[in-house]
Structures are given as C-alpha cells and as structure tokens.
Amino acid sequence: MGELAALLAALTWSATSVALTSLSTRTSPVVLSGLRLGFGALAMPLILWASGESSTIADAPLSTVAQVVASGALGYGLGDTLYILALNRLGMQRTFPVSMALYIGLTVIFGVLLLDEPFSWGLPAGALLIGAGISLIVIPAAAPDRVPPPAVAVPDAAPVLVRPAPVCATPGPAGYALLGGVGITWAAATLWLAAASGDLGAIAAGTIRTPAGAVALLGFALAFQRPALAAPLRDPRRLGAIALAGFVGTTIGSLLYVYAVVTAGAARTAILSSTSPLLALPLSIAFLGERLTRRILAGTLLCVAGIVLVVL
C-alpha cells in the first residue's frame with residue numbers, strides 16, 4: 001500500500017500543478033499561494049491530533065519551532081510563490097520537471113555535503129542526467145534556416161472561433177533565474193527543516209510550517225495587494241477551486257507522502273514520487289492545451305531517470 005500511496009501523492013502534485021497553472025492566469029501568485037496554503041492548513045490540527053504527534057510540538061524548544069516556521073515561510077511562502085509565477089510565465093511542461101529535478105537533486109547532494117547523509121555514485125551520475133534533461137527542456141532548439149516563401153496577397157480571414165492553445169514564453173535570463181530560484185528555495189527550506197526539526201514528527205512539522213507560510217503570504221497580500229486579495233473572495237467558483245487545490249495538494253498529497261515514507265521507505269517513496277513530472281505531461285496537454293515536443297519529453301525522461309539515480 002505504501003508504493004500505491006507514493007504514486008497517488010505524485011498524481012495529486014501533478015493535478016494540483018494543472019489547477020495552479022490555470023488559476024495563476026487570473027490570480028496574483030502571492031494571493032493564490034497564500035489562500036492555497038491557508039485552506040490546506042485548516043485540516044492540519046485534526047490530522048495532528050489523530051497522528052498522536054501533538055505532544056512533540058509542546059516538548060520542542062522554542063528555537064526549533066522558530067526555525068521550522070522560518071523554513072515554512074521560505075519554502076512555502078517564497079518557493080511556492082515563485083513556482084506559481086513560473087507556471088504562469090513558462091507553462092507546466094517546463095516548470096514542473098525542472099523545479100522537481102533541481103529540488104530533489106540539490107536536496108540530496110547538499111544533504112550529503114552539509115548534513116553528513118550517505119554518499120553514492122548515483123549522485124554525480126543522476127546530476128549529469130538531470131542537467132542534460134533540464135538543458136533539453138529550457139533551451140529551445142535552433143530553428144532550421146529556411147528561405148521564406150514569396151508574399152502572396154490573400155483576403156482577410158474570417159474570425160476564428162476556436163481558441164488556440166496557449167504559447168508559453170521561452171525562458172530567457174529571467175526565466176532561468178526563476179526556475180533556478182524555485183529549486184534552490186525548496187531545497188534550502190527542506191535542508192533547513194531537516195537540520196532544525198529535531199524530534200518533531202513529519203506531521204507536527206507540517207502543521208507548523210503550512211500555517212506559517214500562509215500567514216506570511218496573506219499578511220503580505222493584505223498589506224500590499226488588497227485588490228488582488230479581494231478578487232477571488234468575490235468569486236465563489238475561483239475560491240472553491242483554490243480551496244480544492246489546497247486540500248488535495250497540501251493536505252492529502254502531504255499525508256500520502258508521509259504514509260508512503262513510513263510504510264514503503266524514504267528511498268522507494270522518492271523514486272516513485274519522482275514520476276510526477278511524467279504524470280504531469282498528459283495532464284498539461286489534456287487540460288491546459290500545452291504542446292508536447294520531443295525535446296520536452298526527452299528532457300523529462302532524463303530528469304526522472306536522474307532523480308531515480310540520485311535517490312537510489
């Protein structure tokens with residue numbers, strides 16, 4: 001059952017990314033990330049009580065709680081906001097595999113360097129595959145030289161009623177920085193949590209981190225983006241979609257992942273959950289109208305293979 005839970009967690013992350021990509025066109029990234037985390041945090045106290053880990057929070061030193069809160073503000077507050085911004089600007093087919101590959105690769109590599117976690121030769125081999133996959137995804141193929149056909153006068157076309165598929169921007173320097181920022185921020189927040197969490201359980205830490213990220217983002221939106229914050233509150237359908245994304249992605253996805261780690265082991269869970277970029281490809285085509293290219297498919301496969309080598 002643990003292996004199935006890991007695959008279901010990967011599917012929830014992919015589906016949530018589809019929902020966030022669609023919602024990001026109408027909602028500020030800060031507001032969307034803050035509301036999603038806020039709705040996801042509503043169920044956390046009940047889950048914490050059922051898990052029996054609530055006593056670990058009461059027994060934890062104040063410095064531990066403060067660092068877990070700070071890691072939540074960094075990973076959820078800044079990292080998730082950058083991720084939603086990248087989804088909106090670059091599309092899910094580029095953003096999802098690159099951010100996941102950087103996040104997992106950097107977390108494992110710096111876990112070895114900074115936290116004395118075990119080293120394996122799969123780390124450099126996986127890093128090379130991840131680097132090759134990212135290059136294929138984010139660097140556009142050179143267009144072949146073609147002689148333009150002679151201009152021919154044609155009458156004005158009739159209005160097109162079918163909406164064309166969205167065309168996402170090719171990453172320039174700002175796009176590269178955005179994608180790198182997502183992976184680096186997620187990895188830094190995870191390493192900080194691993195170093196500071198002490199005896200806190202996974203659910204206890206998540207119960208602290210998730211509201212911390214929500215409060216930081218919603219507080220920022222209340223201070224500087226009040227019109228953007230008010231917009232989804234006046235739209236019940238949009239607010240319901242954000243709530244569903246928060247509950248499915250933040251609450252259910254996290255629980256499935258924790259259950260998989262406990263029952264199937266961390267390594268096997270990481271390998272199975274690394275399939276999420278592959279699961280995201282058909283979803284992005286079916287629901288977002290994104291076009292799948294050979295380079296993106298090949299790059300995603302290389303990223304997943306690299307992630308598997310890294311976590312073995």
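Student: Where does pLDDT stay under 50, and how many contacts beyond four places in sequence does the model have there?
Tutor: pLDDT stays under 50 over residues 142–167, and the model has six such contacts for them. pLDDT is the predictor's confidence in each residue, from 0 to 100. Contact means heavy atoms within 4.5 Å. This is a predicted model: local features need pLDDT of at least 70, side-chain atom pairs count only at pLDDT 80 or more, and totals for chains, interfaces and linings use all residues. Residues are numbered from 1 along each chain as its sequence is written, and side-chain values use heavy atoms, with hydrogens and water left out.

Student: What is the average pLDDT of the chain?
Tutor: The average is 80, and 86% of the residues score at least 70. By helix, confidence is lowest in α12 (residues 266–273), at a mean of 65. Helix α10 (residues 226–233) has the highest, at 93. Helices here are DSSP runs (H or I, at least four residues), numbered from the N terminus.

Student: What makes Arg36 and Asp80 a salt bridge?
Tutor: The rule asks for a side-chain nitrogen of Lys or Arg within 4 Å of a carboxyl oxygen of Asp or Glu. The closest N and O atoms of Arg36 and Asp80 are 2.3 Å apart, so the pair meets the rule. Arg36 lies in helix α2 (residues 29–42) and Asp80 in helix α5 (residues 62–90), so the pair ties together parts that are 44 residues apart in sequence. Both Arg36 and Asp80 are buried.

Student: How many salt bridges are there by this rule?
Tutor: Two. Asp235 also forms one with Arg238, with the closest N and O atoms 3.6 Å apart.

Student: Why is Asp235 called partly exposed, and why is Arg238 called buried?
Tutor: Buried means under 20% relative accessible area, exposed over 50%, and partly exposed in between (1.4 Å probe, protein chains only). Asp235 has 24% relative accessibility, so it counts as partly exposed. Arg238 has 12%, so Arg238 counts as buried.

Student: Which residues touch the most other members of the largest nonpolar core?
Tutor: Met92 and Ile134, in a core of 42 residues. Helix α6 (residues 92–115) gives the most to this core, with seven residues. Such a core is a set of buried Ala, Val, Leu, Ile, Met, Phe, Trp, Tyr and Cys residues joined through side-chain atoms within 4.5 Å.

How values were computed:
Helix = DSSP H or I, 4+ residues; strand = E, 2+ residues; numbered from the N terminus.
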